[in-house]
Amino acid sequence: MKRCDRKVDIGRRWFLSGAGVAAAGAAAATVIPNRAEAGPQLARLSYPSNRLASVGDLKPNEPLQVAYPDADAPGVLLKLGSKVPGGVGPGGDIVGFTTICPHKGFPLGYNSSDKTLNCSGHYSRFDCENGGQEIWGHATQNLPQYYLRVDAKGDIYAEGVDELIYGRLSNVLEG
């Protein structure tokens, strides 16, 4: 039997692999924003505004333990020393994150040498200088980062979170 070398009859495998690539490309195009459209993240979860600390309470590269949006959600404020994505304050270097690993809910510890939050359970690591992006481990999402605001007196307020906090089914607080 003579084979067609022009792939007019491409066969089931070629068709399915091509369809899979096309579907993946279409899905990625709807999820990944264009650089020109980059702005506030669509996943923002609005919680009530809470005062967490004052700029004067923070020391460079030393975590300040906080809780947001409620007492059952431990977190940390960090003054990283250089401007970072999502950073606020005079230097744009103050960020806040939940300290609950999004993989299985283990507590995270801060490593000041490389400015990461690290999970003791399954060793996920999150880059605090890059919006809590996962750089290693089993987690399937980045670390939830607080939306922060600093007022004229230097008080730091959290006004939302960019991801769902581990163990929460929604962004609604019961009360």
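Predicted model: local features only at pLDDT ≥ 70, side-chain atom pairs only at ≥ 80, totals over all residues.
Let me start at strand β1, which is joined to strand β10, residues 155-161, by four bridges, with the two strands running antiparallel. Within that pairing, A53 sits opposite I156 of β10. Two strands are taken to pair here if DSSP finds at least two bridges between them, and the elements themselves are DSSP runs numbered from the N terminus, helices being H or I over at least four residues and strands being E over at least two.

Residues are numbered from 1 along each chain as its sequence is written, and side-chain values use heavy atoms, with hydrogens and water left out.

Now the overall inventory. The protein has one helix and ten strands, and from the N terminus the order of elements is α-β-β-β-β-β-β-β-β-β-β. Of its 175 residues, 34% are buried, where buried means under 20% relative accessible area, exposed means over 50%, and partly exposed covers what lies in between, with a 1.4 Å probe and protein chains only. The accessible surface comes to about 11,100 Å², and carbon and sulfur atoms account for 54% of that surface; these areas come from the Shrake-Rupley method with a 1.4 Å probe, and for residues only the protein chains shown count as cover. If we take contacts between residues at least 6 apart in sequence, 44% of them join residues at least 24 apart, a contact being heavy atoms within 4.5 Å.

Back to the sheet that holds β1. Three strands make up this open sheet, in the order β1-β10-β9, and the pairing is antiparallel. Its edge strands are β1, residues 50-54, and β9, residues 146-150, each of which pairs on one side only. Neighbouring strands in this sheet are turned against each other by 35° on average, direction ignored; the axes are lines fitted to C-alpha atoms, for helices over the stretch in contact, and angles run from 0 to 180 degrees between N-to-C directions.

Which residues have the most contacts inside the largest nonpolar core? They are L52, Y68, L77, Y146 and L148, in a core of 17 residues. By a nonpolar core I mean a set of buried Ala, Val, Leu, Ile, Met, Phe, Trp, Tyr and Cys residues joined through side-chain atoms within 4.5 Å. β1, β9 and β10 each supply at least two residues of this core, and β10 gives the largest share, three residues. L52 touches, among others, V66, Y68, L77, Y146, L148 and I156, leaving aside residues up to four places away in sequence. There is also a second, separate core of 15 residues, which includes L78, V95, Y110 and L143.

The other sheet to show is an open one of four strands, ordered β5-β6-β7-β8 and antiparallel in its pairing. At its edges are β5, residues 108-111, and β8, residues 133-136, each pairing on one side only, and the twist from one strand to the next averages 35°. β5 and β6 pair over four bridges, and L108 has C119 in β6 as its bridge partner. N118 also lies in β6, residues 116-119, and its side chain makes a polar contact of 3.0 Å with that of R125. A polar contact is a pair of N or O atoms within 3.5 Å, where within protein one atom must be able to donate a hydrogen and the other to accept it, and residues adjacent in sequence count only if both atoms are side-chain atoms.

Finally, the loops. Most residues other than glycine have a negative phi, and most peptide bonds are trans. Y123, in the loop between β6 and β7, has a positive phi of about 70°, and Y123 is exposed, with a relative accessible area of 55%. Y68 and P69 are joined by a cis peptide bond with omega about 10°, and P69 belongs to the loop between β2 and β3. In the loop between β9 and β10 lies D151, where a polar side-chain atom of D151 is 3.0 Å from the backbone nitrogen of K153.
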